[in-house]
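Hi,

Here is the structure I promised to pass on.

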Amino acid sequence: MEELQRAYASFETSHLRAQAAVEVTPAGLLAVGAMVAAVLAGSAAIVLAARRAPAAPRLSDRRGSTRSPR
């Protein structure tokens, strides 16, 4: 049997008190790490696409032209 990894955390302010505990196997830690890596890679791709300059529109793609097609 794989040894469980345990973590505990607590947080307290004047209006809120929270406690959390988690137990996970080494394989579970690996799976969580892979999911975090996938989310970070996906968000990096979205940011890259958002920063790229948009392509110039083609004249044939304009909408609202009053000319009839031939």
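Let's start with Leu40: this residue is exposed, with a relative accessible area of 54%. For that label, exposed means over 50% relative accessible area, buried means under 20%, and partly exposed is in between, using a 1.4 Å probe and protein chains only. Leu40 sits in helix α1, which covers residues 26–51. Together with Val32, Met35 and Val36, Leu40 makes up a nonpolar patch on the surface, and the four share about 380 Å² of accessible area. A patch takes residues with over 30% relative accessible area and no salt bridge; like charges are joined within 9 Å, and nonpolar side chains (Val, Leu, Ile, Met, Phe, Trp, Tyr) within 5 Å.

Before going further, a word on where this comes from. It is a predicted model, so local features need pLDDT of at least 70 and side-chain atom pairs count only at pLDDT 80 or more, while totals for chains, interfaces and linings use all residues. Residues are numbered from 1 along each chain as its sequence is written, and side-chain values use heavy atoms, with hydrogens and water left out.

How confident is the predictor? The protein chain averages a pLDDT of 85, and 81% of the residues score at least 70; pLDDT is the predictor's confidence in each residue, from 0 to 100. Confidence is highest in β2, at a mean of 96, and lowest in α1, at 92. As a rule, where pLDDT is low, the predicted coordinates should not be read in detail.

Now the overall layout. The protein chain has 2 strands and 1 helix, and along the sequence they come in the order β-β-α. Helices (H or I, at least four residues) and strands (E, at least two) are DSSP runs, numbered from the N terminus. Of the 70 residues in the chain, 1% count as buried. The accessible surface comes to about 7100 Å², and 61% of that belongs to carbon and sulfur atoms; these areas come from the Shrake-Rupley method with a 1.4 Å probe, and for residues only the protein chains shown count as cover.

On to the two strands. β1 and β2 run antiparallel and are joined by 8 bridges, with a hairpin of 4 residues connecting them. Strands pair if DSSP finds at least two bridges between them. Along the pairing, Ser10 stands opposite Gln19 in β2, and Arg6 stands opposite Glu23. β1 is hardly covered: the count of buried residues among its 8 residues is 0.

A search of the whole structure finds 1 salt bridge, where the term means a side-chain nitrogen of Lys or Arg within 4 Å of a carboxyl oxygen of Asp or Glu. In general, side chains of opposite charge can pair when their charged atoms come close. Glu23 counts as partly exposed, at 48% relative accessibility.

Ala21 is in strand β2 and is exposed, with a relative accessible area of 59%. Not counting residues up to four places away in sequence, Ala21 touches Ala7 and Tyr8, contact meaning heavy atoms within 4.5 Å. The C-alpha atoms of Ala21 and Tyr8 are separated by 4.4 Å, although the residues are 13 apart along the chain. Ala7 lies in strand β1 and is partly exposed, at 39% relative accessible area. With the neighbours within four places left aside, Ala7 is in contact with Ala20, Ala21 and Val22.

Cheers
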